[in-house]
Amino acid sequence: MPPNGLYLQAERGHHGHDGRPPTWRPVKGHQPVSLPGNLSRPLGALGRVIPAPASVQPADGVYTLTAATPIRVDGSDGARTAGEYLAGLLRPATGHPLPVTAEDGADGVRLRLDAGEGGLGDEGYRLEAAEGALTLTAREPAGLFHAVQTLRQLLPPALEETTEQPGPWTVPQGVITDVPKYAYRGGMLDVARHFFTVAQVKRYIDHLARYKFNKLHLHLTDDQGWRIAIDSWPELTVAGAATAVGGGPGGHYTKAEYTEIVEYAAARHLEVIPEIDVPGHTSAALASYPELNPDGVAPEVHTGMKVGFSSLTVNKEVTYDFLDDVIREIAEITPGPYLHIGGDEADATSAEDYAAFMDRAQALVVKHGKTVIAWHQLAGARPVPGALAQYWGFDGTSAEERAGVRALAERGVRLILSPADHIYLDHKYTGDDELGLQWAGLVEVDRSYDWDPASYLEGLPEDAVLGVETALWTETVETEEQLEYLVFPRLLSAAERAWSSSGDWDDFKFRLAAQAPRWDALGINYHKSPTVPWGEV
């Protein structure tokens with residue numbers, strides 16, 4: 001932390017990609033404020049952004065949006081799209097017309113794509129707020145979109161209201177230059193244990209986009225439900241989608257509905273990663289097609305929480321005909337590069353059969369033009385070149401299992417980190433909570449922040465971690481209100497760990513508290529953790 005009372009700029013080495021802690025230098029134009037233990041307040045509103053930017057250079061004064069403000073875009077489609085999106089965010093609460101125009105000018109909010117900004121990478125941006133203009137610059141459209149999300153946080157929380165508010169609509173002057181540390185920043189949503197509608201998934205996408213995630217991992221199949229239509233195997237969404245945990249109503253997405261989700265996510269620069277969990281977690285499929293079972297008899301649809309007891313039949317060719325069709329049809333409607341095949345908790349499959357099955361399953365993913373992702377139990381198989389492994393271990397994970405993950409990394413398999421005792425959002429905050437699980441322990445908000453992806457698994461090669469993914473399993477989650485209670489505020493811990501190279505809880509908790517009025521305006525239900533100084537910012 002910088003010395004109290006000094007105004008300082010954080011500078012991360014090489015745009016934050018080297019993992020070193022920030023260095024600090026004085027910057028002119030700031031009135032010193034002595035606020036021990038909290039960096040964001042000396043930096044002013046520019047320092048309250050989540051995830052924390054790579055470089056913040058505040059200056060005196062504000063930029064003000066008025067009824068005469070235009071949104072000026074360059075001639076690119078990317079800038080025009082980002083400008084229209086920004087206008088849609090700003091108009092309801094401000095009441096200002098904010099016309100989007102390609103006419104150049106020195107005033108207004110200006111959005112620029114500049115291929116020469118190589119240091120910003122594919123998702124970085126620069127935000128420059130001066131008295132007469134506010135300029136957002138990026139090399140790629142995703143960077144402009146992320147810049148818009150930062151601008152959103154710099155404006156008053158009333159911006160998130162859907163009706164006209166009094167304002168004023170000011171942005172503190174200064175410069176933010178920002179790039180993500182990790183290329184992969186994901187959020188997993190389990191729609192198999194309990195089903196969530198297209199509209200609910202879209203709202204979740206907006207939550208992810210607001211904090212600069214770029215992947216939506218949809219857990220589409222499990223013992224309790226099969227949630228995506230497969231034309232070649234239509235019974236999957238009859239018996240397999242009929243119910244949920246506890247025996248409640250089920251549901252599934254048609255291909256058109258899934259495509260609607262994919263397109264909505266893409267418009268917010270998120271790729272959808274579908275997961276078809278095999279060879280275990282397959283009771284819904286087995287209940288739909290008896291021929292996939294070793295004894296040829298369909299079991300009852302499973303509505304409990306227990307896992308690890310189901311398995312596709314490894315030694316039947318019909319299993320691979322089934323899997324070929326499913327992967328082909330999912331790949332055809334998924335434009336992103338990844339397809340997740342699960343592979344976890346296959347307790348009913350022998351180690352030998354598991355390895356043989358995963359050989360063939362991975363080959364089918366590759367055949368249909370996708371990159372394999374599997375849970376870290378892929379260590380018990382033979383990963384294909386380019387495969388990714390997702391680690392979901394916790395403090396109680398055995399040394400042997402951790403060693404298997406390190407061995408994967410040493411073989412060139414890159415890792416997505418989802419430590420269950422930090423960023424599994426289905427876990428309880430405290431022992432008094434009724435909602436959530438706790439098999440990996442309790443996860444209060446401070447614990448969700450208290451880890452570092454770069455050093456979490458000892459002994460990994462330096463470049464082994466591709467990114468971070470938070471996970472929301474839905475055994476206990478039936479409603480949108482329940483979902484948001486478990487997600488907020490912990491989603492933001494994962495966002496910062498995925499985007500920023502370093503962080504400090506004593507700073508983060510104040511920035512987190514500053515988000516609450518925005519969530520109130522958005523109607524988001526959140527856990528008012530006693531670890532966060534709500535109302536003190």
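Mentor: Let us start with Thr282. Set aside its neighbours within four places in sequence, and Thr282 is in contact with Asp223, Asp277, Ser310, Ser311 and Leu312. Keep in mind that this is a predicted model. Now place the residue along the chain. Thr282 sits in the loop that runs between β14 (271-278) and α5 (283-288). Is Thr282 buried or exposed? Its relative accessible area is 3%. Buried means under 20%, so Thr282 counts as buried. Look next at its side chain. A polar atom there lies 3.0 Å from the backbone oxygen of Pro279.

Now the rings. A pair of aromatic rings is described by two things: the distance of the centres and the angle of the planes. The count for this model is 22 aromatic pairs. Take Trp451 and Tyr456 as one of them. Their ring centres are 5.6 Å apart and their planes meet at 80°. Edge-to-face needs an angle over 60 degrees, so this pair is edge-to-face. Trp451 is buried, and Tyr456 is buried too. Next, turn to Trp519 and Tyr526. This aromatic pair is also edge-to-face, with 5.1 Å from centre to centre and 65° between the planes. Trp519 and Tyr526 are both buried.

Stay with Tyr526 for a moment. The charged end of Lys528 sits over the ring of Tyr526, at 4.3 Å from the centre of that ring. Another lysine is placed over a ring elsewhere: Lys212 lies over the face of Trp499, 5.8 Å from the ring centre. Rings can also gather in a group. One aromatic cluster is made of Trp375, Trp392, Phe394, Tyr424, Trp439 and Trp473.

Last, the empty space. Rolling a probe the size of a water molecule over the atoms shows where empty space is left. How many cavities of 30 Å³ or more does a search of the whole structure find? The search finds one. The largest cavity holds about 40 Å³ of space. Its lining is made up of Gln149, Arg152, Gln153, Glu160, Arg210, Tyr211, Gln515 and Arg518. Which helix gives the most to that lining? Helix α2 (residues 141-154) does, with three residues.

Then trace its contacts, among them Asp223 and Leu312.

Conventions: Residues are numbered from 1 along each chain as its sequence is written. This is a predicted model: local features need pLDDT of at least 70, side-chain atom pairs count only at pLDDT 80 or more; totals for chains, interfaces and linings use all residues. Side-chain values use heavy atoms; hydrogens and water are left out. Helices (H or I, at least four residues) and strands (E, at least two) are DSSP runs, numbered from the N terminus. Buried means under 20% relative accessible area, exposed over 50%, partly exposed in between (1.4 Å probe, protein chains only). A polar contact is a pair of N or O atoms within 3.5 Å; within protein, one must be able to donate a hydrogen and the other to accept it, and residues adjacent in sequence count only if both atoms are side-chain atoms. Contact means heavy atoms within 4.5 Å. Rings of Phe, Tyr and Trp (its six-membered ring) pair if their centres lie within 6.5 Å; planes under 30 degrees apart count as stacked, over 60 as edge-to-face and the rest as tilted. A charge sits over a ring if NZ of Lys or CZ of Arg is within 6 Å of the ring centre and within 35 degrees of the ring normal. On a 1 Å grid over the protein atoms alone, a cavity is a set of points where a 1.4 Å probe fits but cannot get out, and a pocket is an open set with protein on both sides within 12 Å along at least five of seven lines; lining residues have an atom within 4 Å of a point. Grid points are joined across faces, edges and corners, and a volume is the space filled by probe spheres set on the points.
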